[in-house]
Amino acid sequence: MGFWDYVNDEMKKAVGQGISAVKEGAKLGRLKLRVHTLHKKAEGLFAELGGIVYDMAGPPWENPLSMPEVLRLVAEIKKIEKEAALLEEEMKKTRHGASNA
């Protein structure tokens with residue numbers, strides 16, 4: 001193999017690695033955006049939940065967990081937490097895969 005063939009092969013490898021790194025970076029960026037969006041949605045739900053509980057802070061006293069709206073908000077927040085955890089795990093795997101490459 002001549003010098004030019006060696007340089008050409010190395011350039012092809014470098015370009016392939018660069019493209020792979022860009023794809024992994026883009027995937028991580030998309031995952032981070034999805035996690036951020038989920039966190040913002042959960043933040044809004046927490047605010048709504050807090051408003052309901054605050055409104056109930058006066059007589060007649062009532063258990064907030066007896067309200068269907070509160071239970072719905074809690075269930076939705078838990079669903080968002082699970083989805084965000086799965087995405088964060090996927091991000092961790094993507095990072096781990098990139099560091100092994």
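Biologist: Is glutamate 43 buried, partly exposed or exposed, and why?

Modeller: Relative accessible area decides the class: buried means under 20%, exposed over 50%, and partly exposed in between, with a 1.4 Å probe and protein chains only. Glutamate 43 counts as partly exposed because its relative accessibility is 48%. This is a predicted model, in which local features need pLDDT of at least 70 and side-chain atom pairs count only at pLDDT 80 or more, while totals for chains, interfaces and linings use all residues. Residues are numbered from 1 along each chain as its sequence is written, and side-chain values use heavy atoms, with hydrogens and water left out.

Biologist: With which residue does glutamate 43 form a salt bridge?

Modeller: Side chains of opposite charge can pair when their charged atoms come close. The rule requires a side-chain nitrogen of Lys or Arg within 4 Å of a carboxyl oxygen of Asp or Glu. Glutamate 43 pairs with lysine 40, their closest N and O atoms being 3.7 Å apart. Both residues lie in helix α1, three residues apart, about one turn of the helix. Lysine 40 is likewise partly exposed, at 46% relative accessibility.

Biologist: How many salt bridges does this rule give?

Modeller: The count comes to seven. One of them joins lysine 27 and glutamate 90, at 3.8 Å from N to O. This pair links distant parts of the chain, 63 residues apart, with lysine 27 in helix α1 (residues 3-55) and glutamate 90 in helix α2. Helices here are DSSP runs of H or I with at least four residues, numbered from the N terminus. Lysine 27 counts as partly exposed because its relative accessibility is 33%, and glutamate 90 is partly exposed at 33%.

Biologist: Which residue forms a salt bridge with glutamate 76?

Modeller: The partner is lysine 41, with the closest N and O atoms 3.7 Å apart. Here too distant parts of the chain are linked, since glutamate 76 belongs to helix α2 and lysine 41 to helix α1, 35 residues apart. Glutamate 76 is partly exposed at 22% relative accessibility, and lysine 41 is partly exposed at 45%. Salt bridges that share partners join Lys41, Glu48, Glu69, Arg72 and Glu76 into one network.

Biologist: Is threonine 94 buried or exposed, and why?

Modeller: Threonine 94 counts as buried because its relative accessibility is 10%. Its place is in helix α2 (residues 68-100). Contact means heavy atoms within 4.5 Å. Leaving aside neighbours within four places in sequence, threonine 94 is in contact with Glu24, Lys27, Leu28 and Leu31.

How values were computed:
Helix = DSSP H or I, 4+ residues; strand = E, 2+ residues; numbered from the N terminus.
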